[in-house]
Amino acid sequence: MSDTTIGMADLYGQYLKIKEEVDALTAEVVRRAAFIDGPAVERFAGELSDFVGVRHTIPCGNGTDALILALMAVGISPGDEVIVPAFSYAATAEAVALLGGTVAMADVDARTFHLDPASVERLVTPRTKAVVPVHLFGSVCDMEPIMRIASERHLYVVEDNAQSLGAVYTFSDGTSKQAGGIGHIGCTSFFPTKNLGCFGDGGAVFTDDDALARKIRLLARHGQRVRYRHEIVGFNSRLDSIQAAVLSAKLPHLDEYIRTRRSIALRYRDALGDVEGIELPVETPFSTHTYHQYTLKVAHGRRDELKRKLEAAGVSSAIYYPLPLYRQPAYGGSCRCDASMRTAGRLSECVLSIPVHTELTTAQTDRVIESIKHSLK
Ligand SMILES: *Cc1c(COP(=O)(O)O)cnc(C)c1O
């Protein structure tokens, strides 16, 4: 990557703009030497609960741990089935498989990339215990039908909100909720490039349910409420105090980060709406879009060629995700798939995410636009 290449993120540039806040809060952690579970972690958990609108935020080691903790808390064990979308990052299925559960893969909607409620309905059996909607690429799944199916079939809903922190879902009665605060449990990741990223690994679990929150806290602390008294088998998954301090400095900027990405998305829409050979991401009436990714669908067979041409023009792009989960060696053999699956595999062949990040300038955005137009001529 040359100096003039437009990247998928500019984390150092983002840091420089809030350097004073980040440096002050992280220095305070170092000064107190409260590196594990210090006041910085408690403070951030409180701030995030207010932001998401939930009673409990349990910070943990990363987004994958958040999913594992959530599924452990609802008791997923061998024999149980958990429905996940076939088009997602592998962590969603991995958490289920690690606990010995059976992964049931549902298809996704071709326009939104999200879990298709009809496919979920086809997959439910008496062994199904939970469904994990993934708010992929920055907007919220259509949660109302998913919550309805879950309530009728007595399933837990665990939201994988690693990519859409800050997105808002509006129900048909006009009320709205933050992504991650809708299901029984919500999970998120603070991986550096996520909507709210720290300077390493981090994650959190959200819930309004006091009993589930107690269980999740216990599981993340070796099963101990009181030190050296281990009530259940747990493990160790903590958010470092330093990372919590970084996140406290960044959280007040999250809405502004989202606005910036939205304005880039708007510019892409205006300039690329009529370009032949690509389809732009859609917005749904029920969710705001945080544009965690700006993901194009490229006409049949032309995706890899577009990626190569962009690279030659100094524009980064990425394929999220090149394989549907049922074609991954780790999951293909053991999962149960919706027999009418048709979209997840097709999406893997045509998706291409282009740069959309908080430090992308208007000039760079225009260069991405021109490069795409030129490449597709
Ligand atoms: C990033 C991500 C995760 C995992 O988060 P980590 O913090 O990297 O463990 C899980 N699910 C989705 C959809 C993600 O994008």
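## Domains and their contact

Domain bounds here come from an automatic or database domain assignment, and they divide the protein into domain 1 (11-107 + 115-252) and domain 2 (253-375). The C-alpha centres of domain 1 and domain 2 lie 24 Å apart, and the contact between them, meaning heavy atoms within 4.5 Å, takes 49 residues from domain 1 and 36 residues from domain 2.

This is a predicted model, in which local features need pLDDT of at least 70 and side-chain atom pairs count only at pLDDT 80 or more, while totals for chains, interfaces and linings use all residues. Residues are numbered from 1 along each chain as its sequence is written, and side-chain values use heavy atoms, with hydrogens and water left out.

## Pockets

A pocket is an open set of points on a 1 Å grid over the protein atoms alone, with protein on both sides within 12 Å along at least five of seven lines, and its lining residues have an atom within 4 Å of a point. Volumes are the space filled by probe spheres set on the points, which are joined across faces, edges and corners. About 710 Å³ of space lies in the largest pocket, and of the 41 residues lining it, Phe191, Thr193, Lys194, His292 and Gln293 are the closest to its centre. Because domain 1 and domain 2 both give residues to this lining, the largest pocket lies between them.

By class, the lining of the largest pocket has 16 nonpolar, 18 polar and 7 charged residues, where Ala, Val, Leu, Ile, Met, Phe, Trp, Tyr, Cys and Pro count as nonpolar, Asp, Glu, Lys and Arg as charged, and the others, Gly among them, as polar. The second largest pocket has a volume of about 300 Å³; of its 15 lining residues, the closest to its centre are Asp37, Arg221, Gln224, Arg225 and Arg227, and the lining divides into 5 nonpolar, 3 polar and 7 charged residues.

## Cavity

The structure holds 1 cavity of 30 Å³ or more, a cavity being a set of grid points where a 1.4 Å probe fits but cannot get out. The largest cavity has a volume of about 80 Å³, and of the 13 residues that line it, the closest to its centre are Thr112, Phe113, Ser139, Val282 and His289. Its lining draws at least three residues from each of domain 1 and domain 2, and by class it comprises 5 nonpolar, 7 polar and 1 charged.

## Aromatic cluster

Ring pairs link Phe87, Tyr89, Phe113, Phe137, Tyr320 and Tyr321 into a cluster, where rings of Phe, Tyr and Trp (its six-membered ring) pair if their centres lie within 6.5 Å.

Notes:
Rings of Phe, Tyr and Trp (its six-membered ring) pair if their centres lie within 6.5 Å; planes under 30 degrees apart count as stacked, over 60 as edge-to-face and the rest as tilted.
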